[in-house]
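Subject: Structure handover

Hello,

Here is the structure for you to look at. My notes on it follow below.

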Amino acid sequence: MYLLLITILYFQSHMLMKNRLLHQFLESTAEAHPQKIAISHNNQEISYSKLNIKADHLASHLLNLGFQKENFSLVMTDRSVNQIIALFGTLKAGGAYIPVDTETPIKRLEIIIKKSMPKVIFTERKYLSKFKNIQNDSEIVLLDEFQFNDSYEKDFSIKIDDDQQCYVI
């Protein structure tokens, strides 16, 4: 699923995304093809429209937490629709995401957090204990418990530059 999504986005980005950012591509695709399936993974599907709405909601939540342009979010979840929502939500809020494998040793995770100082950590309840003894000021958002609804700010008014970071490895 992920390789296909990345391949499609790569080729379409060169053909269609002149001077557009990845999350803007999602927005225009959601507008043009709202009911088309954006992601299908482990019996879970989400349309472009729903993916865009949920990413907007998460971006709004990030901004309410004080997330600012060029802040980092650390994303440590199982591969899922929620993981992609977290990536797009971060981009829409003007930040860059740091994908971290769920099998990352705690010492390595501690180093990543210390060096990157993420404003927000996206994870799931089953991985919460990995962060228990790591000293940081990051807000933790449990994606498997996050309540997506219609009450969020939809106009972010964030100027995102096309040379701005979007992820860190």
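Of the 169 residues in the protein, 45% are buried, where buried means under 20% relative accessible area, exposed means over 50%, and partly exposed lies in between (1.4 Å probe, protein chains only). The accessible surface comes to about 10,200 Å², and carbon and sulfur atoms hold 50% of that surface. Accessible areas come from the Shrake-Rupley method with a 1.4 Å probe, and for residues only the protein chains shown count as cover.

Please keep in mind that this is a predicted model, in which local features need pLDDT of at least 70 and side-chain atom pairs count only at pLDDT 80 or more, while totals for chains, interfaces and linings use all residues. Residues are numbered from 1 along each chain as its sequence is written, and side-chain values use heavy atoms, with hydrogens and water left out.

Overall layout

The protein has five helices and six strands. Helices (H or I, at least four residues) and strands (E, at least two) are DSSP runs, numbered from the N terminus. Read from the N terminus, the order of elements is α-α-β-β-α-β-α-β-α-β-β. Among contacts with a separation of 6 or more, 68% join residues 24 or more positions apart; contact means heavy atoms within 4.5 Å.

Helix 3 against helix 4

Helix 3 covers residues 48-64 and helix 4 covers residues 81-92; the two pack at an angle of about 55°, and their axes are 7 Å apart. That angle makes helix 3 oblique to helix 4. On the scale used, angles under 35 degrees are roughly parallel, over 145 roughly antiparallel, 65 to 115 roughly perpendicular, and the rest oblique. The axes are lines fitted to C-alpha atoms, for helices over the stretch in contact, and angles run from 0 to 180 degrees between N-to-C directions.

On the helix 3 side the contact is made by Leu51, Asn52, Lys54, Ala55, Asp56, Leu58, Ala59 and Leu62, and on the helix 4 side by Ile84, Ile85, Ala86, Phe88, Gly89, Thr90 and Lys92. Sorted by class, this contact has nine nonpolar, three polar and three charged residues. Ala, Val, Leu, Ile, Met, Phe, Trp, Tyr, Cys and Pro count as nonpolar, Asp, Glu, Lys and Arg as charged, and the others, Gly among them, as polar.

Lys92, in helix 4, is buried at 3% relative accessibility. Its C-alpha atom is 9.9 Å from that of Leu63, which is 29 residues away along the chain.

Ile158 sits in the segment after strand 6 (139-142) and is partly exposed, with a relative accessible area of 27%. Between Ile158 and Lys92 there are 8.2 Å from C-alpha to C-alpha, although they are 66 residues apart along the chain. Neighbours within four places in sequence aside, Ile158 is in contact with Leu63, Lys92, Ala93 and Gly94.

Gln147 is also in the segment after strand 6, and at 61% relative accessibility Gln147 is exposed.

Loop residues

Which loop residues have a positive phi without being glycine? Asn43 is one of them, with phi of about 60°, and Met117 is another, with phi near 45°. Asn43 is in the loop between strand 1 (37-41) and strand 2 (44-47) and is exposed, with a relative accessible area of 87%. Met117 is in the loop between helix 5 (106-116) and strand 5 (120-123) and is exposed at 65%. The C-alpha atom of Met117 is 9.0 Å from that of Leu74, 43 residues away along the chain.

Thr102 belongs to the loop between strand 4 (96-99) and helix 5. Thr102 is buried, at 11% relative accessibility. Apart from neighbours within four places in sequence, Thr102 is in contact with Met76, Thr77, Asp78, Tyr127 and Lys130.

Regards
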